[in-house]
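Dear colleague,

Please find below the structure that I am handing over to you.

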Amino acid sequence: MEVIMRKVEVLNYDRQWSTAFEVEAQKLKRVFKDKMIVIFHIGSTSVPGLKAKPIIDILPVVKDITEVDDYLIEMNALGYEARGENGIRGRRYFQKGHDNRTHHLHFFAKDSKEIIRHLAFRDYLRTHPLEAGKYGALKESLAIKHSTDIHAYIEGKNAYVKKVEQKALAWFERFGNLHQHRF
């Protein structure tokens, strides 16, 4: 595998991340109008108090995933680079900021199981601050150890994320507000 040299920086939580999400969400709503059903702030920047790379992860839910492909020119005008499915079937992934990433977009169709997976993980960390603290500490130590190797950073947290994700999905099934996430 090719080593990608990109600075890996994990910062303390910043309240401005939620504002940055809102600003970008409004831009996306103007582009996609009625094609977009709902838009969520996901990832570490969506969890108050959690240390994170300062990249805003956004999950727009659309009626038909193939229609996202009709907006590549508009997305490019907003500074986004289309990356196709990028490893997750049925997703349309975009990144903004080249090597200095600021935003990641994860578009899914309303019937995708990936939506609940992302929301369960986010909501679990929001309601389990000790787990969020462990995750933040792991990310911080990995960012120091792999400060210019994003793949090693991601691989270093992969097993932990999968373990927490399983707990989060079980928790979400029992306690999550599933009806609010039906589209």
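**Aromatic contacts**

At 15% relative accessibility, Phe121 counts as buried, because the cut-off for a buried residue is under 20% relative accessible area. Please bear in mind that this is a predicted model.

A search of the whole structure gave eight aromatic pairs. One of them joins Phe121 and Tyr135 in an edge-to-face arrangement, with 5.8 Å from centre to centre and 85° between the planes. This pair links distant parts of the chain: Phe121 belongs to helix H3 (residues 113-127), while Tyr135 belongs to helix H4 (residues 129-145). The two residues are 14 residues apart.

Tyr135 is likewise buried, since its relative accessible area is 4%. Its ring also pairs with that of Tyr160: the centres are 5.8 Å apart and the planes meet at 20°, so this pair is stacked, the limit for stacking being under 30 degrees. Tyr160 lies in helix H5 (residues 150-175) and Tyr135 in helix H4; the pair therefore ties together parts that are 25 residues apart in sequence. Tyr160, like Tyr135, is buried.

Tyr135 has a further contact, with a charged residue. The charged end of Lys139 sits over the ring of Tyr135, at 4.7 Å from the ring centre.

Elsewhere, one aromatic cluster is formed by Phe32, Tyr71, Phe94 and Phe107.

Yours sincerely

Terms used:
Residues are numbered from 1 along each chain as its sequence is written. This is a predicted model: local features need pLDDT of at least 70, side-chain atom pairs count only at pLDDT 80 or more; totals for chains, interfaces and linings use all residues. Side-chain values use heavy atoms; hydrogens and water are left out. Rings of Phe, Tyr and Trp (its six-membered ring) pair if their centres lie within 6.5 Å; planes under 30 degrees apart count as stacked, over 60 as edge-to-face and the rest as tilted. Helices (H or I, at least four residues) and strands (E, at least two) are DSSP runs, numbered from the N terminus. Buried means under 20% relative accessible area, exposed over 50%, partly exposed in between (1.4 Å probe, protein chains only). A charge sits over a ring if NZ of Lys or CZ of Arg is within 6 Å of the ring centre and within 35 degrees of the ring normal.
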